[in-house]
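Please read them with the model open beside you.

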Amino acid sequence: MANVYDYTDYRALLRDLYTQRKEKQPFFSYRYIGQKVGFKSAGFFTNILQGRRNISSEIIFKFAELFRFSKRQTEYFETLVLYDQSKQHAQRRYYYEKMLSMRKGKVHRLAADQYEYFNKWYHVAIRELLNFYPFKGDYADLARRVRPYIKPSEAKAAVDLLLRLGLVRKKDDGTYELTEATVTSVPDVPLVAVHSFEVATMDLAKEAIDRFPRNRRDISTVTLSISAQTYEQIHEKLAAFRREMLDMAKNDPHEVDRIYQFNFQIFPLPDIR
């Protein structure tokens, strides 16, 4: 049977479990599932797999019984469903972290590390700092080089995490260097971790107004009334500019001596219907 703990999408899990049972038991059809779980029609299961319908707490336990989940597997499956169906970032973050705590093994450890990298803003900052700062083990000094300050223990945990993920490596002289010039979010990293990073950096942007003088920051806003078509054009230009900025940073001809956080936000003010 598919390993329940390998999944972060309960619909994908149900799809694979169905396929496996169907291969061994030809009678195991959508209609059979509907009868066992309590659906009014066989099409209800199709709608679940395709994301058109959600499932209730009662149905969670009926699926668990159908696929003979253990108590712990049932708890994990319930968390999967709640993670998928939660609308608020804080709730999704809570359920994802609960899933991570229930998973074991090297592959799951890697998933936890990838999540953790984006989950705290200073991990990314420390990585960029190691690109030019000759760090040799003074974690107190390293912690003081980011704003707002972090604890030396947090700086050490950040360096350890970067080493485990292979994002930095230690050189023969005791300093560190990056293994890749740039890092972006990847498919293996859940959106909930990326969203946590985005929220944290937006908070840093607010604090930067008081923390830094105007000549060391550039914060501006504009409010527009535009069409959906123009919004799409702006969206495409922002994506193109992000790529251009990454190329500029990668090919910077000058000696790197600082780190900047660059945020892009465009969002509706009134409710769009």
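1. The chain exposes about 17,900 Å², of which carbon and sulfur atoms supply 50%; accessible areas come from the Shrake-Rupley method with a 1.4 Å probe, and for residues only the protein chains shown count as cover. This is a predicted model, in which local features need pLDDT of at least 70 and side-chain atom pairs count only at pLDDT 80 or more, while totals for chains, interfaces and linings use all residues. Residues are numbered from 1 along each chain as its sequence is written, and side-chain values use heavy atoms, with hydrogens and water left out.

2. The chain has twelve helices and two strands, taken as DSSP runs numbered from the N terminus (helices H or I, at least four residues; strands E, at least two). The radius of gyration is 23 Å, well over the 19 Å that the globule rule gives for 273 residues, so the chain is more spread out than a compact globule; the radius is taken over C-alpha atoms, and the rule is 2.2 Å times the number of residues to the power 0.38.

3. Of the 273 residues, 34% count as buried, where buried means under 20% relative accessible area, exposed over 50%, and partly exposed in between (1.4 Å probe, protein chains only). The largest nonpolar core has 70 residues, and Phe-63, Phe-77 and Leu-142 touch the most other members; such a core is a set of buried Ala, Val, Leu, Ile, Met, Phe, Trp, Tyr and Cys residues joined through side-chain atoms within 4.5 Å. Leaving aside neighbours within four places in sequence, Phe-77 is in contact (heavy atoms within 4.5 Å) with residues including Tyr-10, Ile-55 and Phe-63.

4. There are 14 salt bridges, each a side-chain nitrogen of Lys or Arg within 4 Å of a carboxyl oxygen of Asp or Glu. In one of them, the side chains of Arg-164 and Asp-113 meet at 3.0 Å, N to O, and this pair links distant parts of the chain, with Arg-164 in helix H10 and Asp-113 in helix H7, 51 residues apart. Asp-113 counts as buried at 4% relative accessibility, whereas Arg-164 counts as partly exposed at 49%.

5. Within helix H10, Asp-160 and Lys-156 are four residues apart, and therefore separated by about one helical turn; their side chains also meet in a salt bridge (3.0 Å, N to O). Asp-160 counts as partly exposed at 26% relative accessibility, and Lys-156 counts as partly exposed at 40%.
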